[in-house]
Amino acid sequence: MPRPRRSRRTWVTIAILVLISITIITLDERAGTHHITSGLKSFANDVFSPVRSGVNAVVDPIGNFFAGAVNYRGLQEQNNQLRATIGRLEEQQSGANYTQREQQQIDELQHLPFLPGISKVTAGVTSYQLSNFDADIQIDLGTSRGVTTGMPVVGNGGLVGVVTQSYRNSAIVTLVTDGQSKVGVVFGPATCTTCWGISQGQGPGQQMNVNLVQPNTALSKGEIMYTNGGQGGALPPGIPVAKVASYHQVSGESQISIHVTPTANLSELAYVDVLLWEPSA
Amino acid sequence: MNGREVFRLFMLIVLVLIIQYTVGLDLRIAGAHPDLMLLLPIAAGVVGGPEIGAATGFAAGIATDLLLPTPFGLSALVYSMVGFAVGYVMDAGASRREGFWWLTPLIALAASGAAVMLYAVLGAVLGQEQMVKVDLAAVVTVVAVVNAVLSPLACRMMGWALDRPVGSRRRSRRRLMARRLDSVR
């Protein structure tokens, strides 16, 4: 018995749509045609950004009002904690001035690039984790303010991530916790020749791993790991990336198994600094 | 579909897109947020059948892809397949679904779960390995449950866009027709 005509047309429709989708994915993946899809994305983001800002400006105060009303006690406690933290930081700041002066002299002597020398722009975070499958944020600065792909983003105590897509008035920053994120790190004393590795994200909200650290390398819990300035100078050296949460060494294995947490508090990002750092060629 | 229906569908996609990428991103449960755009092909499949489900899924997917850093076209592929599958299942059981009010939420639950997993697997195949590293159980649960709860409302809205009354409206229209026929007799 021949199939009804509508059924055949239905199958043809889905086949065509699947083929078009696969063609679009191929265009996006190929280096030669990627600029077409990225141009479309850029245009769409530039159109959508003001709409998002407008809606957020209306919706956020309402949401904040209810959140504040429901969680008043928690907010008060958080406020007290923040006041205490500011007090501690002010104490540390006054004590650290002398050390800083010394450090600056050493840096100048060794001709090392250090973070305060890099110009930066402060951006507001407009969206957090656009997709359930990526650890990323969207910021409100783009190519019009000099923010381009590959620039490091810092804030809240360390490296936040790297700009991976840049549009005219907005950009997407892939966080260090994203599964695709890999950062070369160093730790320990400057004389240690094996104190380096590569930190790799494991997805939003999950601990990161540090790979390639050789067995018997001196390591301690809570130790801070910094960018090594390697990878062709993709990131400037000395930015705090992660803190050692746990590690264990199994005899016979070629590396230490290290779990780290980001030094930056990635769950509460309101503003970040984009370092206008051009990776060296 | 006529021009008016296409325009209404376009407006519905834009509206849901704005809700998803403003309020929707702030609604976070166990680290995952709902995927309201996925609800559109499901509702279109329920209301309009496989062809309209697939076409709506493609349009909603392209709109989503424009704002996401994930591979362009991936959402369009997954959403059109989901819209088609939902429409096909609903068409197949069309004669037996009268009175089963829970069928639409159940279909939305299953379709959403399947769509999230398909999205993650296809993403990993395309080189986005991080997509299978996330807490997939949490994402599937949040997206599926929220879509199941909102599916009756989404079907109503889709019914308006496609000019096809859904659920109680359809039943009340039938009752009205029957009463009119009785009065004529």
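Chain A divides into two domains by its domain assignment: domain 1 covers residues 5-70 and domain 2 covers residues 120-281. Keep in mind as you look around that this is a predicted model. Chain A also has a barrel of six strands, and 41 residues of chain A are in contact with chain B.

**The two domains of chain A**
- Between the C-alpha centres of domain 1 of chain A and domain 2 of chain A there are 27 Å.
- Where these domains touch, domain 1 of chain A supplies six residues and domain 2 of chain A supplies five residues.
- The domain 1 side of that contact holds four polar and two charged residues, with no nonpolar ones.

**The barrel in chain A**
- Follow the strands of chain A in the order S6-S7-S8-S11-S10-S9 and you will see six of them close into a barrel, with antiparallel pairing.
- From one strand to the next, the twist averages 45°.
- For a closer look at one pair, take strand S10 (residues 240-248) and strand S11 (residues 257-262) of chain A, which run antiparallel and are joined by six bridges.
- Val244(A) has Val260(A), in S11(A), as its bridge partner.

**Where chain B meets chain A**
- On this interface, 36 residues of chain B are in contact with 41 residues of chain A.
- Helices H1 (3-26), H3 (50-67), H4 (74-92) and H5 (103-125) of chain B are the elements that each give two or more residues to the side touching chain A.
- Sorted by class, that side of chain B has 24 nonpolar, eight polar and four charged residues.

Technical notes
Residues numbered from 1 in each chain as written. Chains lettered and ligands numbered in written order. Predicted model: local features only at pLDDT ≥ 70, side-chain atom pairs only at ≥ 80, totals over all residues. Domains from an automatic or database assignment. Contact = placed C-beta atoms within 7 Å. Nonpolar A, V, L, I, M, F, W, Y, C, P; charged D, E, K, R; others polar. Pairing = 2+ DSSP bridges. Helix = DSSP H or I, 4+ residues; strand = E, 2+ residues; numbered from the N terminus. Axes fitted to C-alpha atoms, helices over the stretch in contact; angles between N-to-C directions.
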